[in-house]
Amino acid sequence: MITRTSGTAGAALPKPAIRGASFSDYWRALRPRNWIRNALVLVPLISSGRFLEASAWRRSAIIFAAFSLLSSCIYLFNDVADRDRDRVHPRKRLRPIAAGRIGSANALGGAIILGAAAFACAWSLHSWAVIATLAGYTACNVVYSLGAKQAVITDVFLVASGFFLRILAGAYAIAVDVSQWLFVVALFLSLAISLIKRRAEVSSLSEEAIRHRAVLGEYSVLLLDQLISISTAAGVFSYALYTFHSPHSNYLMLTLPFFIYACFRYLYLTYQKGLGESPEEILLHDRPFQINLIFYALSVLVILIRFG
C-alpha cells in the first residue's frame, strides 16, 4: 500500500505559461493513436459473419468514426480536468494541455465540436440504441472525470465500460445479436486491461502516485495482481465457453490457443517489460503480438466462411 509523503511532496506545481499551440499540439491532444481501441466496434461485424456485406462495413465505419470523435472529445475534457495532476506524471506532463501549450477554453471548445460531430455520425445510422450507447459512454466518462475516478474499484469498472460499450454500439449499428458469452469475455478482459493500467501507474509513480491521483493510494501491487489474475482467468474461461457454444461453428475452439497466447503475451509485456499502461503501444509495436493477432483473425475468418 502506498503511504502519503510529508513535507513539500504534495505542494502544487507552478502552472506553465500558455503559448501559441501548433497543429501538432492539437493533433496530439486528440490522441489518434488511441483510436485503435475503437476497432472493438468491429467485433460484432466479424462474430456475426456479416463481414462480407458492404452495407454492414459502411455502418461499422460510421460508428468507428463516431467513437473516434467522441473519445477525442472525452480526452480533451479529461485533460482539462486533470491538467494539474498530470503535471506530476512522468509522461502525462508532456501532454499539450498539461504542458500549457493549449488553453482550457480552446480545449473545451474543441471537445464540444467533436462531441457534436460524434452524435451527428450516430444520428445518421437512424438507431436510437446507438445514440443511447454513445450517451452512456459519455455519461460514464463525465462521471469518471467529475470525481468517480477517486472511488476505488468503481474507477476500474468505469474505465472498463468504455471497451464494453464499444462492442455494444458495434452490434446495435448493424442490428445483430451477439452471444452473451462474448459480452462476458469483453467484460472480464476490459477489467483486466483496466487493472493492468492501474498497476502500471502504481508501479511507475511509486511515492508520486497519490499526488497524481489519490485513489492510487488505495491500491497495492499485490491486490492488483490478484484482481488481474481473476479477471484474465475468467476472460479465458469465458472465451472457451463462447467457442464451444458458438451459434456459428464449434470449430472456433481452434482459435483458443491464439487467444490464450495473446493474454499470456500481454501479461509478459506488462510484468517483464513494463508496457501495461498503454494497450495501444503493445498492439502497435510488439511484433509477436501482431503476428499472433493476424493468425487469430485469419483463423476466425476462415472458420466462419467455411463452417459458419
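Residues are numbered from 1 along each chain as its sequence is written, and side-chain values use heavy atoms, with hydrogens and water left out. Because the model is predicted, local features need pLDDT of at least 70 and side-chain atom pairs count only at pLDDT 80 or more, while totals for chains, interfaces and linings use all residues.

Two packed helices are described by the angle between their axes and the distance between the axes. Helix α3, spanning residues 54–81, packs with helix α5, residues 104–123, at an angle of about 160 degrees, and their axes lie 8 Å apart; helices here are DSSP runs of H or I with at least four residues, numbered from the N terminus, and axes are lines fitted to C-alpha atoms over the stretch in contact, with angles running from 0 to 180 degrees between N-to-C directions. The two helices, α3 and α5, are therefore roughly antiparallel to each other, a term for angles over 145 degrees. Their crossing is left-handed, in that the near helix is turned anticlockwise from the far one by less than a right angle.

On the α3 side, the residues that meet α5 include I62, A66, L69, L70 and F77, and their counterparts in α5 include A107, L108, L114, F119 and C121, where contact means heavy atoms within 4.5 Å. The residues of this contact of α3 with α5 divide into 17 nonpolar, four polar and no charged; Ala, Val, Leu, Ile, Met, Phe, Trp, Tyr, Cys and Pro count as nonpolar, Asp, Glu, Lys and Arg as charged, and the others, Gly among them, as polar. Within α3, I62 is buried, with a relative accessible area of 19%, buried meaning under 20%, exposed over 50% and partly exposed in between, for a 1.4 Å probe and protein chains only. Leaving aside neighbours within four places in sequence, I62 is in contact with C121, S124 and L125, and although I62 and S124 are 62 residues apart in sequence, their C-alpha atoms are 8.4 Å apart in space.

A second pair is formed by helix α6 (residues 128–145) and helix α7 (residues 154–174), which pack at an angle of about 170 degrees with their axes 9 Å apart. These helices, α6 and α7, are therefore also roughly antiparallel to each other, and α6 passes α7 in a left-handed crossing. The contact involves, among others, V130, Y137 and Y144 of α6 and L158, L165 and Y172 of α7; by class, the contact has 13 nonpolar, four polar and two charged residues.

Side chains of opposite charge can pair when their charged atoms come close. Across the whole structure, 10 salt bridges are found, each a side-chain nitrogen of Lys or Arg within 4 Å of a carboxyl oxygen of Asp or Glu. One of them joins D79 to R31, with the closest N and O atoms 2.3 Å apart; this pair links distant parts of the chain, since D79 lies in helix α3 and R31 in the loop between α1 (23–30) and α2 (43–47), 48 residues apart. D79 counts as buried at 3% relative accessibility, as does R31 at 16%, and a network of salt bridges links R31, D79 and R95.

R265 likewise pairs with D286, at 2.8 Å between the closest N and O atoms. R265 counts as buried at 18% relative accessibility, and D286 is buried at 9%. In the salt bridge of R50 with E53 (2.9 Å, N to O), by contrast, R50 is partly exposed at 22% and E53 is partly exposed at 34%.

Notes:
Parallel < 35°, antiparallel > 145°, perpendicular 65-115°, else oblique.
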